[in-house]
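Below is a briefing on one protein structure.

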Amino acid sequence: MALLRRAPTIGHMSGPTPSAATSPDEVPHPWLVADIGGTNARFGWIDEPDGPILHSKSLPVAAYEGPLAAAGAYLEHVKQSLGTGYRSPGAGAWAVATAIVGDEVELTNAGWCFSRQNLLRELGLRTFLLLNDFEALALSLPRLAPGQLQRIAGAAQQAALPGAVRAVIGPGTGLGVAGLAPCPARSGGGGGGGGGGGGDPTDEPHWQAIPGEGGHATLAPDDDFESALLAAMRRHHPHVSAERVLSGLGLPGLHQAVAHVHGSTAPELRTEAIVAAGTATAGDAGADPLCRETLEHFCALLGGFAGNVALTLGARGGVYIGGGIVPRLGDLFMHSRFRARFEAKGRFENYLRAIPTWLIVDTHVALSGAAMALQQLRTR
């Protein structure tokens with residue numbers, strides 16, 4: 001059995017790199033793929049090479065003691081679906097919402113802690129790959145279909161620059177950030193790699209995910225009101241990271257901060273209640289102006305943060321917004337200041353104006369990114 005090692009970079013682990021050459025026989029089907037966040041654990045099944053993801057199922061993280069119990073429940077579901085045609089999985093790739101460092105893995109926003117070696121052994125896999133959840137989401141980007149995306153309008157947006165770096169940002173339970181960089185396509189003569197030759201430059205590039213923990217970078221304000229908002233949040237958190245505001249964990253604090261800056265008080269609400277009240281039509285019984293203003297600031301701050309990520313990575317291939325929160329905002333997000341704030345970077349406004357932005361509306365796409373990581377091992 002092979003637990004694939006990952007070479008360290010500053011503060012994180014890079015893309016999948018086996019300790020020895022990996023042959024197709026070492027990545028046998030069926031594949032068990034998963035996307036495990038702070039709230040939901042999504043699983044999928046791939047029966048054959050280049051096959052679709054089947055039997056997708058989402059399980060609540062809080063309902064299971066750990067990933068092995070959740071995986072066991074999912075495999076029972078697959079067994080019932082396939083009957084006598086069921087075969088135990090031979091390889092797995094799991095995207096998890098934390099940095100992958102060493103054997104012990106602890107989810108950032110959930111109570112699960114586990115050993116990669118023990119999980120591989122208990123599941124009986126020949127090959128098992130763990131990657132950051134947004135590393136997997138980044139790997140899914142080249143294969144996203146039009147029905148899985150919604151374009152975030154900008155007045156002068158141009159088409160994405162072919163073969164350029166892309167970025168993905170996702171407010172969910174936490175806030176994930178990753179990039180996707182093209183590498184030269186590998187040809188039969190052996191070449192390939194980050195900047196060397198060996199591949200025909202006209203070939204489809206090999207994509208390398210760039211994982212990171214950008215959600216924990218310090219959030220920057222754009223005007224005096226936002227400065228007051230972040231100052232109000234610093235009363236409770238010495239370091240106001242982007243995740244402290246732009247996430248399911250952060251929205252309740254942002255709601256309280258908006259009320260504080262206005263010199264008022266507000267009941268403590270959960271994220272679900274803020275989203276529901278803030279997106280309700282004005283005049284409806286459930287509508288709440290303070291919740292709506294909170295979401296408007298959320299969208300604006302997210303736009304400014306996304307513009308920073310685009311500049312940092314040089315993401316001229318586009319910026320994608322994933323996660324579970326933004327799709328629930330509907331028209332409020334599409335008509336928000338997100339795009340204006342994305343572009344509002346002084347001398348680099350024209351640079352950002354040319355970068356398209358999309359909303360990922362399919363919440364299961366990280367499963368295809370996990371599958372892509374295994375496919376890359378087979379062709380390495």
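Leu219 is in contact (heavy atoms within 4.5 Å) with Leu230, Val240, Ser241, Ala242, Val245, Leu246, Leu301 and Phe305, leaving aside its neighbours within four places in sequence. This is a predicted model, in which local features need pLDDT of at least 70 and side-chain atom pairs count only at pLDDT 80 or more, while totals for chains, interfaces and linings use all residues. Residues are numbered from 1 along each chain as its sequence is written, and side-chain values use heavy atoms, with hydrogens and water left out.

- Leu219 sits in the loop between E14 and helix H4 (224-233); helices (H or I, at least four residues) and strands (E, at least two) are DSSP runs, numbered from the N terminus.
- Leu219 counts as buried at 6% relative accessibility, where buried means under 20% relative accessible area, exposed over 50%, and partly exposed in between (1.4 Å probe, protein chains only).
- Leu246, one of the contacts of Leu219, touches Pro171, Gly174, Leu175, Leu219, Phe298, Leu301, Leu302 and Phe305, not counting residues up to four places away in sequence.

**Nonpolar cores**

- A nonpolar core is a set of buried Ala, Val, Leu, Ile, Met, Phe, Trp, Tyr and Cys residues joined through side-chain atoms within 4.5 Å.
- The largest such core has 47 residues, and those with the most contacts inside it are Ile169, Leu246, Phe298 and Val319.
- H7 provides the largest share of this core, 11 residues.
- Another core lies apart from it and has 33 residues, including Leu129, Ala136, Ala209 and Ala370.

**Largest pocket**

- The largest pocket holds about 1,100 Å³ of space. On a 1 Å grid over the protein atoms alone, a pocket is an open set of points where a 1.4 Å probe fits, with protein on both sides within 12 Å along at least five of seven lines, and lining residues have an atom within 4 Å of a point. Grid points are joined across faces, edges and corners, and a volume is the space filled by probe spheres set on the points.
- This pocket is lined by 48 residues, of which Gly38, Thr39, Gly172, Thr173 and Gly174 are the closest to its centre.
- At least two lining residues each come from strand E4 (31-36), strand E5 (40-46), helix H3 (133-140), strand E13 (175-183), H5, helix H6 (271-279) and helix H11 (365-378).
- The lining of the largest pocket divides into 13 nonpolar, 25 polar and 10 charged residues. Here Ala, Val, Leu, Ile, Met, Phe, Trp, Tyr, Cys and Pro count as nonpolar, Asp, Glu, Lys and Arg as charged, and the others, Gly among them, as polar.

**Second largest pocket**

- About 360 Å³ of space lies in the second largest pocket, which is lined by 24 residues; Gly214, Phe305, Asn308, Val309 and Thr312 are the closest to its centre.
- E13, strand E14 (206-211) and helix H7 (289-313) each supply at least two residues of this lining, and H7 gives the largest share, seven residues.
- The lining of the second largest pocket has 13 nonpolar, seven polar and four charged residues.

- His255 is in helix H5 (residues 251-261) and is buried at 1% relative accessibility.
- Beyond its neighbours within four places in sequence, His255 is in contact with Ala266, Pro267, Leu269, Ile274, Leu290, Cys291 and Thr294.
- Gln376 lies in helix H11 and is buried, with a relative accessible area of 9%.
- With neighbours within four places in sequence left aside, Gln376 is in contact with Leu139, His206 and Trp207.

**Aromatic pairs**

- The structure holds eight aromatic pairs. Rings of Phe, Tyr and Trp (its six-membered ring) pair if their centres lie within 6.5 Å; planes under 30 degrees apart count as stacked, over 60 as edge-to-face and the rest as tilted.
- Tyr320 and Trp358 form a stacked pair, 4.9 Å centre to centre with 25° between the planes.
- Tyr320 lies in strand E15 (residues 319-321) and Trp358 in strand E16 (residues 357-360), so the pair ties together parts that are 38 residues apart in sequence.
- Tyr320 is buried at 5% relative accessible area, and Trp358 is buried at 13% relative accessibility.
- Phe43, Tyr74, Trp94 and Phe128 form one aromatic cluster.

**Whole chain**

- The protein chain has 11 helices and 16 strands.
- Of its 380 residues, 48% are buried.
- Among contacts between residues at least 6 apart in sequence, 69% join residues at least 24 apart.
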